[in-house]
Amino acid sequence: MQYALLIHRTTEATPEERREVAAGVAPVLGRPYVRSWTRLHPPETATTVHGPREAPLLTDGPFVDTKEYLAGIIVIEVADLDAALAVAAELQALRPGLAIEVRPVREEVPGGG
């Protein structure tokens, strides 16, 4: 089963923190159960699209104001939730300030195909 590990943080990492975390995370990201991963720029670089289809409204930054922001996503394929939680715990231990949300990935295909 596939799970998305949604990595939330409250502050942008310093270059030193990024190097430290990258060194610890790289071996995990190289494991065969990791399907994809990406890091995101901070929320102030975002543009949000909302409103009606005919006249969408564009706003700078996130639409919802929160203390935590989504900093990255890792998609893994493991046997069950317990295995996914173990991976999340391992990653979280590398940077205790992170919060990692574990969510099952829906396997349906848009349009039913």
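Biologist: How many bridges join strand 1 to strand 6, and which way do the two run?
Modeller: Six bridges join strand 1 to strand 6, and the two strands run antiparallel. Strands (E, at least two residues) and helices (H or I, at least four) are DSSP runs, numbered from the N terminus. Two strands pair if DSSP finds at least two bridges between them.

Biologist: What should I know about the model itself?
Modeller: This is a predicted model, in which local features need pLDDT of at least 70 and side-chain atom pairs count only at pLDDT 80 or more, while totals for chains, interfaces and linings use all residues. Residues are numbered from 1 along each chain as its sequence is written, and side-chain values use heavy atoms, with hydrogens and water left out.

Biologist: Which residue of strand 6 stands opposite Ala 4?
Modeller: Arg 103 in strand 6 stands opposite Ala 4.

Biologist: And how many bridges join strand 1 to strand 5?
Modeller: Eight bridges join strand 1, residues 2–9, to strand 5, and this pair also runs antiparallel. Within strand 5, Glu 77 is the bridge partner of Gln 2, and Ile 73 stands opposite Leu 6.

Biologist: In what order do the four strands form the open sheet?
Modeller: The order is 2-5-1-6, with antiparallel pairing. Strand 2 and strand 6 (99–104) are the edge strands, each pairing on one side only. From one strand to the next, the twist averages 20 degrees. Angles run from 0 to 180 degrees between N-to-C directions, and axes are lines fitted to C-alpha atoms, for helices over the stretch in contact.

Biologist: Why is strand 1 described as largely enclosed?
Modeller: Seven of its eight residues are buried, so strand 1 is largely enclosed by the rest of the structure. Buried means under 20% relative accessible area, exposed means over 50%, and partly exposed is in between (1.4 Å probe, protein chains only).

Biologist: Let us turn to the helices. Which strands does helix 1 lie across?
Modeller: Helix 1 lies across strand 1, strand 2 and strand 5, and it runs at about 165 degrees to strand 2. Helix 2 packs on the sheet as well, touching strand 1, strand 5 and strand 6, and its direction makes about 160 degrees with that of strand 6. Touching here refers to contact, that is, heavy atoms within 4.5 Å.

Biologist: Which residues of helix 2 are buried?
Modeller: Ala 84, Val 87, Ala 88 and Leu 91 are buried in helix 2. Seen down the helix axis, they fall within an arc of 100 degrees, so they line one face of helix 2. The arc is that of the directions from the helix axis to the C-beta atoms. An α-helix has 3.6 residues a turn, so residues three or four places apart point the same way.

Biologist: What do those buried residues pack against?
Modeller: The buried residues of helix 2 pack against strand 1, helix 1, strand 5 and strand 6. On the other side of helix 2, Asp 82 and Ala 93 are exposed.

Biologist: A new topic. How many salt bridges are there?
Modeller: The count comes to three. A salt bridge is a side-chain nitrogen of Lys or Arg within 4 Å of a carboxyl oxygen of Asp or Glu.

Biologist: What is the partner of Arg 31?
Modeller: Arg 31 forms its salt bridge with Glu 90, and the closest N and O atoms are 2.8 Å apart. Arg 31 lies in the loop between helix 1 (15–29) and strand 2 (34–39), and Glu 90 lies in helix 2 (residues 81–94), so the pair ties together parts that are 59 residues apart in sequence.

Biologist: Which residue meets Arg 35 in a salt bridge?
Modeller: Glu 77 does, at 3.0 Å from N to O. Arg 35 lies in strand 2 and Glu 77 in strand 5 (residues 69–77), so this pair ties together parts that are 42 residues apart in sequence. Arg 35 is partly exposed, with a relative accessible area of 44%, and Glu 77 is partly exposed at 34%.

Biologist: And the partner of Glu 101?
Modeller: Glu 101 forms a salt bridge with Arg 103, the closest N and O atoms being 2.5 Å apart. This is the Arg 103 that stands opposite Ala 4.
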